[in-house]
Amino acid sequence: MKNMKEVIVAPSILGVDENRVIADLPAIQEAGAKWVHIDIMDGKFVDHESGSLEVFQRLAKHHSLVNDVHIMVEKPKNYVESYVSAGANYLTFHYEACCCDHMVETVIDFIHEKGAKAGLSICPDTPVEKIIPFLKKVDLVLVMTVVPGKGGQTFMAENLEKVKKIKSIRPDVLVEVDGGVNAETAKLAVNAGVDVLVSGSYIFNGDVKERIANLLAVNK
Ligand code: DX5
Ligand code: ZN
């Protein structure tokens with residue numbers, strides 16, 4: 001039998017001009033995307049700097065989509081209060097940004113305490129075993145399918161083994177992939193068990209509505 005679970009599409013607005021995002025928001029919503037993915041980069045955890053609290057606050061006023069905020073930053077705990085107050089529904093930080101397992105737990109707890117869902121992300125180089133201890137606590141796992149830092153890279157399909165492992169341990173946790181997601185790679189991801197597809201270049205380098213529809217149709 002075919003897997004008919006609902007796939008969530010989260011257009012990634014990294015690198016898209018703010019005014020264009022605002023102009024495209026009605027099309028994004030009409031196309032059936034339920035989330036929007038916001039990347040915050042500090043220029044330290046990753047080389048580039050991108051996104052800011054101010055831009056996020058402005059954008060959040062223009063839509064009622066789920067705000068899926070991905071912080072690629074050092075010291076993620078320092079970002080929790082401000083981003084949750086600004087409307088982050090999911091706040092996802094990197095395992096690699098934490099000094100130790102205790103810090104990972106602390107950040108997850110702090111996100112929950114402030115009232116948002118907690119996501120934990122792993123880079124392609126990080127073995128999935130490292131995050132297994134936290135699966136019982138998190139709401140979402142973001143498996144990076146490119147090295148974080150910029151859009152437009154090629155999907156690294158080998159990371160889907162991590163998705164299978166995570167789902168075998170905790171089937172009800174949301175698993176998201178980010179990086180190089182297009183209509184073809186989205187199929188591979190959903191077949192591996194992915195729930196949330198983040199996609200930037202594929203959606204915005206074409207007809208936004210059509211591209212979102214293509215992603216939503218991958219398991220039909
Ligand atoms: C990469 C970011 C992504 C990026 C995805 O570090 O986390 O969200 O915008 O862009 P594409 O879909 O172009 O790979
Ligand atoms: Zn991202």
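This is a predicted model: local features need pLDDT of at least 70, side-chain atom pairs count only at pLDDT 80 or more; totals for chains, interfaces and linings use all residues.
I began with a strand pair: E7 (residues 140-144) and E8 (residues 174-178) run parallel, joined by 5 bridges.

Next, the whole sheet. I followed 9 strands in an open sheet with mixed pairing, in the order E1-E9-E8-E7-E6-E5-E4-E2-E3. Strands E1 (8-11) and E3 (49-50) stand at the edges with a single partner strand each, so one side of each has no neighbour in the sheet.

On to the metal. Which residues coordinate the zinc ion (ligand 2)? I listed His37 (NE2), Asp39 (OD), His70 (ND1) and Asp178 (OD), at 2.1 to 2.3 Å. The site of the zinc ion (ligand 2) is octahedral, with 6 donor atoms and angles of 68 to 169° among them. Along the sequence I read the donor spacing as H-x1-D-x30-H-x107-D. Aspartate 39 lies in strand E2 (residues 35-42) and histidine 70 in strand E4 (residues 66-72), so this pair ties together parts 31 residues apart in sequence. I checked burial too: aspartate 39 and histidine 70 are both buried.

Last stop, aspartate 24, which I placed in helix H1 (residues 18-30). Is aspartate 24 buried or exposed? It counts as buried, because its relative accessibility is 15%, under the 20% cut-off. Its side chain makes a polar contact with the side chain of arginine 20 (2.8 Å). Leaving out residues up to four places away in sequence, I saw aspartate 24 touching Phe204 and Val208.

How values were computed
Residues are numbered from 1 along each chain as its sequence is written. Chains are lettered from A and ligands numbered from 1 in the order in which they are written. Side-chain values use heavy atoms; hydrogens and water are left out. Helices (H or I, at least four residues) and strands (E, at least two) are DSSP runs, numbered from the N terminus. Buried means under 20% relative accessible area, exposed over 50%, partly exposed in between (1.4 Å probe, protein chains only). A polar contact is a pair of N or O atoms within 3.5 Å; within protein, one must be able to donate a hydrogen and the other to accept it, and residues adjacent in sequence count only if both atoms are side-chain atoms. Contact means heavy atoms within 4.5 Å. Two strands pair if DSSP finds at least two bridges between them. Donors are N, O and S atoms within 2.8 Å of the metal (3.2 Å for Na, K and Ca); water is not among the atoms, so sites may look incomplete. Four donors count as tetrahedral if all angles lie between 85 and 135 degrees; four count as square planar and six as octahedral if opposite donors are over 155 degrees apart and all others between 65 and 115; anything else is irregular.
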